Structures are given as structure tokens and as C-alpha cells.
Amino acid sequence: MESTTGSTLGQLFSSWLAIWNGDYSPADDIIAPNFTVHAALLDGGDGSAVRGPQGLVAWIAQTRAAFSELVFQVEVGPIVDGDRCAVRWIATGTYGGGFPGATATVGAAIRFAGTDVLRVEDGKFAEYWINSDIHVLLAQLGVST
């Protein structure tokens, strides 16, 4: 990575994980102003509407709103290649209600996994590709697809 040492990358990922776990305070420090998401979103969007630190925080907050005790843990990685790094994660939590089309009981346990690929530029995350087992989550929530 251009100006990112292994220890700096570890700090970036710790802060990245903290954001996904509900501590949004590191967002401005680790997310580039031009941060872009590449993803197939549940609403049919491609992630292009999620821009910059505040866009990421709003998207994560919306995701977390339907689940209490939502915890993301790194299972593999980070794996670094040039200015990109990848991580596989596991998310666990409790369904809190309000997910469109869900028939699961409030309080149902959920668990799903995914991978993040991130590009670092000038010591901050600038691009993000996510691939998650959303069908596993939807099945746990009783959403018919």
C-alpha cells in the first residue's frame, strides 16, 4: 500500500470494524471524502448513493436499526495486495423488528457472513466492495425471495 504500513492497516481495520459495530466516531479519520461503495443493495441500488464518511455512517446505521446486539467479527484477514485489502467477516445479532417483509419473531438470532474488499488511498479507505450472504439473512428473517 502506498503510504500504509502493516500497523497502520491494522489500525484502519480496527476503526473500520468499530464503525460497523456502531462506533461512528472514527469515520472522518479513516474514510476518504470521495469514498464510494460498489454493492448490490436490497433496495435495488448499486451503492453509488453511499458517498463519503457520512453516507457510509448513514447506511450502516440503517442496517443496524433492524438488529440489536449486532456484532461484526473478522474471520479471515486482512489480506493485502497493493492498495487493496480484503477481509471475511461474520455478523451475529438479534432481530429487533421492522425489516420489510420479515416474518421472523422479534428476538430471533441472526448470523450471516460476507467479504469486504477495500482500496486505500492516502491512508484512508476510498472504495469498498461488499459481498454478503444476504440470502442467508433473508431466510433467517423469513423474507420470501
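1. A residue counts as buried when its relative accessible area is under 20%, as exposed when that is over 50%, and as partly exposed in between (1.4 Å probe, protein chains only).

2. A quick word on what you're looking at. This is a predicted model, where local features need pLDDT of at least 70 and side-chain atom pairs count only at pLDDT 80 or more, while totals for chains, interfaces and linings use all residues. Residues are numbered from 1 along each chain as its sequence is written, and side-chain values use heavy atoms, leaving out hydrogens and water.

3. Now the layout. Counting DSSP runs (helices: H or I, at least four residues; strands: E, at least two; numbered from the N terminus), the protein chain has four helices and five strands. Starting at the N terminus, their order is α-α-β-α-β-β-β-β-α.

4. Along its principal axes, the C-alpha trace spans about 50 × 30 × 25 Å. As for contacts (heavy atoms within 4.5 Å), take those between residues at least 6 apart in sequence: 56% of them join residues at least 24 apart.

5. Have a look at R64, in helix α3 (residues 52-65). R64 is buried yet has no salt bridge, meaning a side-chain nitrogen of Lys or Arg within 4 Å of a carboxyl oxygen of Asp or Glu. The nearest side chain of opposite charge (Lys and Arg count as positive, Asp and Glu as negative; His and the chain ends are not counted) is E69, 9.9 Å away. So who does touch R64? Leaving aside neighbours within four places in sequence, R64 contacts W20, N21, G22, Y24, L70 and F72.
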